[in-house]
Amino acid sequence: MGHSTYKMIMQTPAMQQAFSRIEKVLVSKNAIPEADCKIVSSPKEAVGYLKDKDFKTAILAGGLQTYNSFLSEGLVTDLYFSIVPVIISDGGIIAPQSETLLSFKLAGQSMLAEDIIQLHYTKE
């Protein structure tokens, strides 16, 4: 996860509880003395750390900068998009920072709630 996402989680009691038993890895160039997680400086270092601890899967949480840095390094194999009937301001663009075209194929969809659908894509 990125620095801003980590700060948001730590300021929200419900989120703190939800993430309390999860191995958290923070990708940040800045030290955060109060952090209760592993801090690494790059997406590749985050994946390496989790592999060293025998993790087979990981969930990426963050904003555009975090998502795009993992995409740019070719570290994303699956995408999950939750379609929620809420309109927000400009959220930016999720895309790798290179000319490389990334192709994903629809692997499934599911209803998470009455008005929320989740789409699952896998890398081709």
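Helices (DSSP runs of H or I, at least four residues) and strands (runs of E, at least two) are numbered here from the N terminus. The structure described is a predicted model, in which local features need a pLDDT of at least 70 and side-chain atom pairs count only at pLDDT 80 or more, whereas totals for chains, interfaces and linings use all residues. Residues are numbered from 1 along each chain as its sequence is written, and side-chain values use heavy atoms, with hydrogens and water left out.

The protein contains 4 helices and 5 strands, and these elements follow one another from the N terminus in the order α-α-β-β-α-α-β-β-β. The C-alpha trace spans about 40 × 35 × 30 Å along its principal axes. Of the 124 residues, 22% count as buried, where buried means under 20% relative accessible area, exposed means over 50%, and partly exposed lies in between, with a 1.4 Å probe and protein chains only. The accessible surface comes to about 9,000 Å², and 55% of this surface belongs to carbon and sulfur atoms; such areas come from the Shrake-Rupley method with a 1.4 Å probe, and for residues only the protein chains shown count as cover. Where contact means heavy atoms within 4.5 Å, 54% of the contacts between residues at least 6 apart in sequence join residues at least 24 apart. The mean positions of the 11 positive and 13 negative charges are 7 Å apart; Lys and Arg count as positive and Asp and Glu as negative, while His and the chain ends are not counted, and the place of a charge is taken as NZ of Lys, CZ of Arg, CG of Asp or CD of Glu.

In helix H1, which covers residues 3-10, the residues Thr 5, Tyr 6 and Ile 9 are buried. These residues lie on the same side of H1, because they cover an arc of only 100 degrees around the axis, the arc being that of the directions from the helix axis to the C-beta atoms. The buried residues of H1 pack against helix H2 (13-19) and strand S1 (25-27).

Strand S1 is also a packing partner of helix H4, whose buried residues pack against S1 and helix H3 (43-52). In H4 (residues 64-72), the buried residues are Thr 66, Asn 68, Ser 69, Phe 70 and Leu 71. Asn 68, a residue of helix H4, has a relative accessible area of 10% and is therefore buried. When residues up to four places away in sequence are not counted, Asn 68 touches Ile 93, Ile 94, Ala 95, Pro 96 and Gln 97. Just after H4, Gly 74 takes a positive phi of about 70 degrees.

A positive phi, of about 65 degrees, is also found at Asp 54, although this residue is not a glycine. Most residues other than glycine have a negative phi. Asp 54 is placed in the loop between H3 and H4, and with a relative accessibility of 58% Asp 54 counts as exposed.

Val 40, by contrast, belongs to strand S2 (residues 38-40) and is buried, with a relative accessible area of 3%. Apart from residues up to four places away in sequence, Val 40 touches Val 25, Leu 26, Val 27, Ser 28, Glu 45 and Ala 46. The C-alpha atoms of Val 40 and Ala 18, which are 22 residues apart along the chain, are separated by 22 Å.

A hairpin of 2 residues joins S4 to S5. Within this pairing, Ser 110 has Gln 118 of S5 as its bridge partner, and Gly 108 has His 120 of S5. Strand S5 is also joined by 6 bridges to strand S3 (residues 78-83), the two running antiparallel, and the bridge partner of Ile 83 in S5 is Ile 117. Gln 118, located in S5, touches Tyr 80, Phe 81, Ser 82, Gly 108, Gln 109, Ser 110 and Leu 112, not counting residues up to four places away in sequence. Gln 118 and Ile 93 are 25 residues apart in sequence, with a C-alpha to C-alpha separation of 19 Å in space.

Notes: Pairing = 2+ DSSP bridges.
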